[in-house]
Amino acid sequence: NLTKVKRGFNLKEIKMRKAAFHNLGCKVNSYETEAMQQLLEDAGYEIVPFREGADVYIINTCSVTNVADRKSRQMLHRAKKMNPSAAVVAVGCYVQAAGAELKKDEAVDLIVGNNQKKDLVQILDDYFADHENSGEILDIGHSQEYEELHIRRIADHTRAFIKVQDGC
């Protein structure tokens with residue numbers, strides 16, 4: 001029963017959104033993907049497998065090699081093909097390396113820099129309110145800012161990860 005009031009809305013009146021994640025890259029990305037998933041769950045999103053029809057596809061990208069760049073682009077485009085009306089969100093290192101290109105890519109609805117993953121729920125709320133991407137990408141190579149993301153549980157691992165850096 002969805003009678004809880006969250007963020008000023010009666011959840012009976014709004015549709016529960018489905019979100020799907022795909023992770024590319026390193027253990028930092030794995031940790032951050034888990035943290036973003038938990039943030040969306042806390043906000044009332046239903047997390048579904050990447051193949052399943054979702055309202056939001058979040059691809060945590062990698063840019064460590066040219067192959068990783070290509071795989072990141074492929075997954076972003078695959079998500080848009082699976083559901084053209086879904087919001088496709090690019091996060092991660094490929095965003096940092098190719099943000100200008102991604103802003104022009106019609107398959108990508110939102111770009112979220114490595115410093116903004118903790119704000120994903122608010123970014124999605126803003127996007128669904130007016131369908132605009134207002135995200136700015138901070139040059140993390142020239143910033144002393146560190147994004148703290150925390151997880152409460154470990155999924156599918158026998159070891160826990162600890163976040164010690166932003167990006168590669």
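Tutor: This is a predicted model, in which local features need pLDDT of at least 70 and side-chain atom pairs count only at pLDDT 80 or more, while totals for chains, interfaces and linings use all residues. Residues are numbered from 1 along each chain as its sequence is written, and side-chain values use heavy atoms, with hydrogens and water left out.

Student: What makes the span of α2 close to the expected one?

Tutor: Helix α2, a DSSP run of H or I with at least four residues, covers residues 66–82 and has 17 residues. The expected span is 1.5 Å times one less than the number of residues, and the 24 Å from first to last C-alpha is therefore close to the 24 Å expected.

Student: Which residues of α2 are buried, and what puts them on the same side?

Tutor: Ala68, Asp69, Ser72, Met75, Leu76, Ala79 and Lys80 are buried. They cover an arc of only 135° around the axis, taken from the directions from the helix axis to the C-beta atoms, which puts them on the same side of α2. On the other side, Asn66 and Lys81 are exposed (over 50% relative accessible area). The cover over the buried residues includes β3, β5, β6 and α3.

Terms used:
Helix = DSSP H or I, 4+ residues; strand = E, 2+ residues; numbered from the N terminus. Buried < 20%, exposed > 50% of the residue type's maximum accessible area, 1.4 Å probe, protein only. Contact = heavy atoms within 4.5 Å.
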